[in-house]
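Colleague: I'd like to learn how to read a few features in this one. Could you take me through them, general idea first and then the case at hand?

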Amino acid sequence: MCLSFLRLMGAVSLLIALFFSSMYGQVAGQIAGKIVDEQTGEPLPGASIMVEGTTWGAATNHEGEFRILNIPPGTYSLNITFVGYESLVVTDVEVFVDRTARVDVELSEGFVELGEITVVARREGIRRDVSQTQTSLRPAEIMSVPVSSSEQLWALQPGFEFQGAYDATVGSPATFRGVGVQVRGGDISDTDMTIDGHSLRDRHVHAPNLRINLSSVQEAQLTTGGFTAEQGGIRSGLINVVTKEGHRDRYNLFLDVQYTPPQQKHFGPSIHDPNNAEWQIFTGEHAMQGITQDMVDHVSYARTWMGWEEFAKDRPHSAEHYMEKWKWQHRPFDYAHQPDHRIEATLSGPLPGGLLNSSAVISYSDIKRWFPFPIGERKHYRDQNVMGRITMRPMDDVRVSVVGQYTSILSNQTHHNQFGRSFYTGDHAYQMPPVTAFQSIYDQGTYIPVDYNHFLVGVTINHLLSSNTYHEFRVSYRASHREALPMRETDHTPIHYIYDSQTGEDIGYSELPHGFWIQFTMDDPGVHNISGRGRWWDDSRYNEWEFGYIITSQIGSYNMMRAGAKIMIPEHDYWRFYGTLPPHVDQDYRYYQHEESPLQMEAFLQNKIEYEGLVANIGVRLDYFDPRTNWFDFSDPFDSQFNPRTWPGDSFYGTLDWRTIDVDPKIYISPRLGVSHPISDQSKVFFNYGHFYQTPDFFYLYRVQVGHDRNSLLFGNPDLEMEKTVTYEAGYEFSFVDLFDVQVSGYYRDNTNQVSQITTESYYADADYISFQNTNYSDVRGLELRLSRAAGPWITGWIAYHYMIYNEGFTGFEFNFEDPIKQRDADYTAEETRPYPRPSFRGNINIITPHDFGPEIFGQYILADWRLNFLYRWTSGGRITWNPGNIPGIVNNVPVRAFEITNLTLEKSVSLFDTDMMIYMQVDNVFNRKTLNPDAITFGGNLSNYVESLDIDGGDKYGDYPKPGKEYIQVQWWDWARFINPRIWHLGIRLNI
């Protein structure tokens, strides 16, 4: 291929990159180095370097330097030859995504007949070519951590936190944020995950699908700041996963089966236990006569109760009848009697017939978790995930990869929200289904079933144009479907009869609280709902096409240029309904609907400069977003057309002659800079700076909603600006004694143009609605410290400390009144919050016995290949403000109890024939540490009583609970739901064949 043709191809490819399409997420690395004479140190031009088992290779230039591009992550051996010199094999060369593996070699003069010399590549200490905080996980590290899902693994890394359906930390706000991973104080929608370069973002649920089969991962690269220009649509974090390719000459099967015995997943008695506080009140020794305050104070009853005899006065049935009715409507049913399981299997190997020099990997996982409480008729969470990859090499310089993933989740949820990932996951420790309304624990219609499916297929064509240039064409399609339906209707046919001594009759009662019934109904004491909840319907779909192109070229010895672009065409069909179907004007309902197909394009240009150890990533990107819609004309925000009571009930959207205007597209340009500078052989400093833009959630852009009884409207705003983050980060990394790596980094994130909710009201409320504007801002400052030992005898592991301060505020008014008097009296919301810093600490320690340790019995070292893994998490509770009197100057006056948990895994490895087998036991919350359920504090107006019962001066903290010496602390009386993360045992076996 002539040089002029290569230049022409490069120029054409660069133009295509700038005007057509790309997806972020590097999937390859490179090997570079220098070959010199051992005696003289002179470079050896023309030396041959080949990657064993492949056709990849290079020859040294006149300075003895070589570079092999576009190598998938993994561990390789290099075969180095030069005429008149001894051959050399360098083993254990580790290639990481988007990084350069450095191999510098000295050759000795000799003869080929003398054979070849084998050396082991030196373990990389500091990552010289990384200019941001980044963690790379390989299969051995991934499989050694005692976690049950990929989301739990991501949340362990520095800067990452798992956010449950509600924040599980006692002192945190009770605002709903969805379920997912947060990075450095960002929201769950600010982070994305890619597999083999294809994004798993789901705009319908405003978050990426973070579920992946860990046994299929070759490398997971987690970045928390300093993204290069290639990476867009994110503001906080990126999880870049490269999956295994599979061998072309043999098959491999991995199987992991984990069994969790039936066990209660909450502290305290069963919710049906006759001895628990609730049943003692309504069915216990004093239930008929009643429970006085004196008995509460001295007999340990949870609260007062008038008694069934008093209740039955002037009512048609006897006291005994009402008690038996209560027992029927709160009747026991089995829970905590079924085992959990997790199954994961991955098969890899060549395709039959060796078609196109190909290999394939197929992986399946099935996770089933029974909910800690029997909420809804669906009592468990089920997560099934299928992944596959086919890699073909039809020619030496062409590699084609096809990747696919399908995720199916069956779960429950209490209600819908703009954050679509509101379903419960069933993990007891960090994702505990909150009992936000304890009265509804017996109402099996409160928690409705939700089915969620996510699908991805992506194709990448990688073509090596020359030894210095390659390009990639990528196309992907992803889709999701979310369906939530109220359960079957309640059958009101009497199925249970209770004798009434007052009338002498048997009175029949239906199956309530089971099934779904629109009418709100409480039990006789007025404590528990037994129907009327869970009236949500959802049939929303989302799909998106992405087309991309990237070209990479090594220009000279120091510059690697990458350019690319992508085009995204999403289609969103959003339909949610609250109430009965069909909707009627006189009913209590909410209705959401929009169908939109915006257009989004991105382009980037970046250069990675590597010069004598100095690495600089310099780039710029362009983001373009066109909402492709016309929208309501809000030039007069108080126009009477925004009166909800004038909207028709059956089809309010698009039926009136609204005044609309076109919404213009928006363009943003983002500079990016990252620098890594070595101080010595084993240390470096790094710095990065960048602007990051992200399209607001579609909920904020397009949603239109009618509120209960026509009392309010909600309008999206497709004219919103992109949310913006400007990030600064600086850090220092060093290695010592060739075993320990230390990284210290500090960062600052300035978040602006974030979306907030604005309420608008005219003089006479004939215009009354909610809309969205870019008036929220926040800033996040933090310090991260990580110490790791990746290799060495007996002990490996890491510890990490994260200190973060998060401030948030608004620019403008939360309420927009036409009445100037109301506007004058409206609360001005431009002040920042002043939170107390909440540091966190986590550590993972592996204790491993050597392969030949201990006595040998029947050819087996019985004390060899044992591994004990400890995983520890601690998060400071910080402080909260308790100021019911709104006294000026009182801020952060109540300390909050820290969250702490320890998990462990004990494993034993055994090799039998060609099978590696591992038997393990995993224990969550080893020390059975209790964490108070936040709802046991706040629900039912108990917050004031709880906080005022604490002895703050005596050392009490928000989150403390009654125990010996602290009996005075007042919490809710639902003793079966006070503590939510008991010790849980799992047993498992892994096979690698």
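Modeller: Two strands pair if DSSP finds at least two bridges between them. Helices (H or I, at least four residues) and strands (E, at least two) are themselves DSSP runs, numbered from the N terminus. Before we go on: this is a predicted model, where local features need pLDDT of at least 70 and side-chain atom pairs count only at pLDDT 80 or more, while totals for chains, interfaces and linings use all residues. Residues are numbered from 1 along each chain as its sequence is written, and side-chain values use heavy atoms, with hydrogens and water left out.

Colleague: Fine. In which sense do β43 and β44 pair, and over how many bridges?

Modeller: Antiparallel, over 14 bridges, with β43 spanning residues 768-789 and β44 residues 795-810. Within that pairing, Ser-778 sits opposite Glu-808 of β44. Five residues lie between the strands of this hairpin, and Gly-792 there has a positive phi near 130 degrees. β44 also pairs with β46 (residues 840-848), again in the antiparallel sense, over eight bridges. In that case Ala-800 has Arg-842 in β46 as its bridge partner.

Colleague: And Asn-776, is it buried or exposed?

Modeller: The scale goes like this: buried is under 20% relative accessible area, exposed is over 50%, and partly exposed is in between (1.4 Å probe, protein chains only). Asn-776, which belongs to β43, is buried at 6%.

Colleague: What does the side chain of Asn-776 reach?

Modeller: Think polar contacts: a pair of N or O atoms within 3.5 Å, where within protein one must be able to donate a hydrogen and the other to accept it, and residues adjacent in sequence count only if both atoms are side-chain atoms. The Asn-776 side chain reaches the backbone oxygen of Gly-809 at 3.3 Å, and it makes a 3.1 Å polar contact with the side chain of Glu-808. Ser-480 in β25 (residues 469-484) is another buried case, at 4%, and its side chain has a polar contact of 3.0 Å with that of Asp-202.

Colleague: How do I read a helix such as α7: which of its residues are buried?

Modeller: Count the buried residues, then look at what covers them. In α7 (residues 319-329), eight of the eleven residues are buried, so the helix is largely enclosed by the rest of the structure. Among them are Tyr-322, Met-323 and Trp-326. The cover, judged by contact (heavy atoms within 4.5 Å), includes α4, α6, β26, β27 and β29.

Colleague: Which residues touch the most other members of the largest nonpolar core?

Modeller: A nonpolar core is a set of buried Ala, Val, Leu, Ile, Met, Phe, Trp, Tyr and Cys residues joined through side-chain atoms within 4.5 Å. The largest has 35 residues, and Phe-282 and Trp-308 touch the most other members. α4, α5, α6 and α7 each supply at least two residues of this core.
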